[in-house]
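Visitor: Hi! I have a structure open here and would like to talk it through with you.
Guide: Happy to, so let's bring it up.

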Amino acid sequence: MFGYYLDLALHSLKRNKVLTALMVLAIALGIGASMTMITVLHVMTADPIPGRSGQLFYPQIDPRPMDSDNPTHDPPDQLTWIDAMNLLHARKGVHQAAMTGGRVTVVPPQGASHAFFTPARSTTADFFPMFDVPFLDGSGWAASDDERRSRVAVISRDLADKLYGTPHAVGQTLQLGKYDFRIVGVIDRWNPSPHFYDLGMGNYTNEPEQVFLPLQTALDLKLSGANSMSCWGKFPSDGDLRKASSCAWMDFWVQLDTPQQVVAYHEFLVNYSEQQKALGHFVRPPNTRLRDVMAWLDYNHVVPGSVQLQALLALGFMLVCLVNTVALLLVKFLRRGGELSVRRAMGASKRSVFAQLLVEAALVGLAGGALGLLLAIFGLWIVRQQPVPYATLAHMDGVMLSATFLLAVCATLVAALFPAWRACRIVPARLLKTQ
């Protein structure tokens with residue numbers, strides 16, 4: 001029966017080519033515009049670390065003086081060096097890592113004249129297992145290397161290829177400025193997007209870190225920078241703000257695998273704040289937050305409001321296109337009143353006529369989806385030409401490819417419901433009598 005409906009639909013569409021083309025174009029324009037922006041929104045709101053995002057948390061505490069801000073406001077986004085080290089050494093989570101980003105000078109084997117800057121991350125040993133970083137060769141350093149301030153490094157596959165011509169670079173010497181480091185691991189290609197663990201590096205950075213160093217080692221050798229630093233109150237006399245109790249610049253993540261661990265860690269943050277207040281280091285009542293990855297991204301408004309607005313406008317445009325499609329389908333189906341009446345007079349039920357018309361609408365939807373897909377691909381190409389941080393992410397994946405056709409067909413079927421219902425309500429005897 002479906003084959004029969006399909007044959008009738010094809011003949012009907014061929015008889016009214018102009019009307020068919022208008023319907024296909026209306027659907028394609030709506031699908032192309034909406035899927036362009038929905039795809040952009042999809043890639044920007046994707047989970048950057050699937051399967052782990054609900055177990056990774058970003059703690060915040062408030063060491064600021066009372067006059068620096070309203071006490072009811074959120075704590076600073078980063079921790080001071082002292083607080084980060086206290087939380088790190090407390091080891092209340094499954095894993096925990098303090099970190100900061102920056103750039104280092106890499107001196108290749110060819111000599112200092114070929115030196116170049118590259119993004120780097122100074123962190124602690126738990127960074128690699130906590131974020132499930134894939135290794136091509138070797139592994140991360142041990143916690144004892146953090147304590148001993150060992151001069152070890154983990155580098156990316158791309159940097160290993162560039163420096164040594166092979167990704168298997170464990171044991172090689174890496175020169176950073178005037179200091180030598182022993183390579184203990186090579187990371188396979190890994191670049192979470194958004195760059196959730198340090199949004200100071202840019203939400204959608206296209207330049208992942210190439211070098212990873214033990215935090216204390218990098219700090220001692222003055223290789224550790226800070227993407228951003230927020231200070232208040234008095235500054236240290238030696239001018240080194242990095243270890244000042246009045247400067248927040250450290251990012252900190254902790255892994256908590258169960259809801260009970262989350263509750264316990266939140267209580268630990270409150271108790272820590274009370275303890276620091278009792279010691280005179282904090283002056284505010286406990287003001288803490290503990291957000292998982294997706295909540296942290298939402299809190300930082302990683303998805304620009306303009307993208308969300310554009311997606312809504314695109315969906316609104318698609319709605320307008322669907323209204324036009326409803327009108328075109330209504331005209332087309334009512335024009336065929338005589339043909340449909342003959343089918344009814346020959347014994348076809350309203351249900352079969354209704355199904356026939358929906359099959360015809362589905363074909364229009366498939367054609368509109370195919371053309372809309374091409375328009376969406378073109379739209380994404382235009383987005384990639386824009387000077388925005390997320391431009392390179394604007395690619396359609398398999399999920400969105402399937403969603404394009406599904407949306408086109410479903411939208412067309414919904415648009416066809418009223419015209420098909422209206423056409424089925426025609427009284428056959430009345431039309432046959434006027435023929």
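Visitor: Which residues form a nonpolar patch on the surface?
Guide: Leu25, Leu29, Phe317, Leu371, Leu374, Leu375 and Ile377 form it, and together they have about 570 Å² of accessible area. Keep in mind that this is a predicted model.

Visitor: And which elements give two or more residues to the nonpolar patch?
Guide: Those are α2 (17–44) and α12. The largest share is from α12, with 4 residues.

Visitor: Take Leu371, then. Where is its place, and how accessible is Leu371?
Guide: Leu371 sits in helix α12. Its relative accessible area is 32%, so Leu371 is partly exposed.

Visitor: What about Ala367?
Guide: Ala367 is in helix α12 too, which covers residues 350–384. Ala367 is partly exposed, at 33% relative accessible area. In sequence Ala367 and Val24 are 343 residues apart, yet their C-alpha atoms are 6.2 Å apart in space.

Visitor: Where does UniProt place the feature "transmembrane region"?
Guide: The UniProt record, an unreviewed entry, places it at residues 21–44, 311–334, 354–383 and 403–421. In the model, residues 21–44 are 100% helix and 0% strand, with the end C-alpha atoms 34 Å apart. For residues 311–334 the chain is 100% helix and 0% strand, and the end C-alpha atoms there are 34 Å apart.

Visitor: Zooming out, how many helices and strands does the protein chain have?
Guide: There are 14 helices and 12 strands. Of the 435 residues in the chain, 48% are buried. Among contacts between residues at least 6 apart in sequence, 75% join residues at least 24 apart. The accessible surface is about 20,400 Å², and 60% of that belongs to carbon and sulfur atoms.

Visitor: Switching to cysteines: which ones does a disulfide join?
Guide: Cys231 and Cys247, with 2.1 Å from S to S. The structure holds 1 disulfide. Cys231 lies in strand β10 (residues 230–231) and Cys247 in strand β11 (residues 247–255), so the link ties together parts that are 16 residues apart in sequence.

Visitor: What's the handedness of the link between Cys231 and Cys247?
Guide: The link is right-handed, with 115° about the S-S bond.

Visitor: Is Cys247 buried or exposed?
Guide: Cys247 is buried, at 0% relative accessibility. Cys231 counts as partly exposed, at 29%.

Visitor: On to charges. How many salt bridges does the count come to?
Guide: The count is 10 salt bridges. One of them pairs the side chains of Asp62 and Arg284, 3.1 Å from N to O. Asp62 lies in the loop between β1 (56–60) and β2 (79–80) and Arg284 in the loop between α8 (259–278) and β12 (289–292), so this pair ties together parts 222 residues apart in sequence.

Visitor: Are Asp62 and Arg284 buried or exposed?
Guide: Asp62 is buried, and Arg284 is buried as well.

Visitor: Which residue does Asp74 meet in a salt bridge?
Guide: Asp74 meets Arg289, at 2.8 Å from N to O. Asp74 is in the loop between β1 and β2 and Arg289 is in strand β12, so the pair ties together parts that are 215 residues apart in sequence. Asp74 counts as partly exposed, at 27% relative accessibility, and Arg289 counts as partly exposed at 22%.

Terms used:
Residues are numbered from 1 along each chain as its sequence is written. This is a predicted model: local features need pLDDT of at least 70, side-chain atom pairs count only at pLDDT 80 or more; totals for chains, interfaces and linings use all residues. Side-chain values use heavy atoms; hydrogens and water are left out. Buried means under 20% relative accessible area, exposed over 50%, partly exposed in between (1.4 Å probe, protein chains only). A disulfide is a pair of cysteine sulfur atoms within 2.5 Å. Patches are made of residues with over 30% relative accessible area and no salt bridge: like charges are joined within 9 Å, nonpolar side chains (Val, Leu, Ile, Met, Phe, Trp, Tyr) within 5 Å. Accessible areas come from the Shrake-Rupley method with a 1.4 Å probe; for residues, only the protein chains shown count as cover. A salt bridge is a side-chain nitrogen of Lys or Arg within 4 Å of a carboxyl oxygen of Asp or Glu. UniProt positions are given in the numbering used here, feature names are shortened, and annotations may be inferred rather than shown by experiment. Contact means heavy atoms within 4.5 Å.
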